[in-house]
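Let's walk through this one together, starting with the overall layout and then moving inside.

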Amino acid sequence: MPRRKRLKSVGNGVLISFVSRNNDLEGYWALGKLYAHALSHATNTVELDLLSGQLIPADAQFAAMIHTYSRMFARLLRGLGMPHDRVREARIRVQFDVPVQQGHYPLQSYAKPLEATLDIRDLGGSTYSLKALSWCHPHDPHIEARSTRATVEK
């Protein structure tokens, strides 16, 4: 499989998992927690660096989640026979409360649209970009039910 298709395949797997409801942080949807985090820093954007494990704006509560997606990215690269050192940059940027995209219908709730973008740049300087659209509201433990997965011993 050509490198471009391999990187898109890896990126697609990471991005789909990242925006899914299974992206759980302490029993709550990680995207809702990231949204609340962004708002607390007067921004609507967060960025995760999958190579360095950094979050902008920084917050240690997200370290385990970032580590999970960094490992997933590396594992998917290995699974496709692509050396991790061929990737110069891999970042997920999430923009909350973006304008509704044409063809997407608003939900009948207080959730706001979001756009998650995964940008991958290889050693040759080629950039591969994937996008996912979803809906989210800022985390609020007073109105959300906590997942039972948070209480399971790991």
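What share of the contacts in the chain with a separation of 6 or more comes from residues 24 or more positions apart? The answer is 62%, where contact means heavy atoms within 4.5 Å. Keep in mind that this is a predicted model, with local features needing pLDDT of at least 70, side-chain atom pairs counting only at pLDDT 80 or more, and totals for chains, interfaces and linings using all residues. Residues are numbered from 1 along each chain as its sequence is written, and side-chain values use heavy atoms, with hydrogens and water left out.

Now the layout. You'll find 3 helices and 7 strands, in the order α-β-β-α-β-β-α-β-β-β from the N terminus; helices (H or I, at least four residues) and strands (E, at least two) are DSSP runs, numbered from the N terminus. Of the 154 residues, 41% are buried, meaning under 20% relative accessible area with a 1.4 Å probe, protein chains only.

On to the inside. The largest nonpolar core has 38 residues, and F18 and M65 touch the most other members. Such a core is a set of buried Ala, Val, Leu, Ile, Met, Phe, Trp, Tyr and Cys residues joined through side-chain atoms within 4.5 Å. Elements giving it two or more residues include α1 (3-19), α2 (30-40) and α3 (63-79), along with β3 (45-49). Neighbours within four places in sequence aside, M65 contacts F18, N23, L25, A30, L34 and L48.

A30 and L34 are also among the buried residues of α2, a helix with 8 of its 11 residues buried. Just after α2, A42 has a positive phi of about 55°.

How values were computed: Buried < 20%, exposed > 50% of the residue type's maximum accessible area, 1.4 Å probe, protein only.
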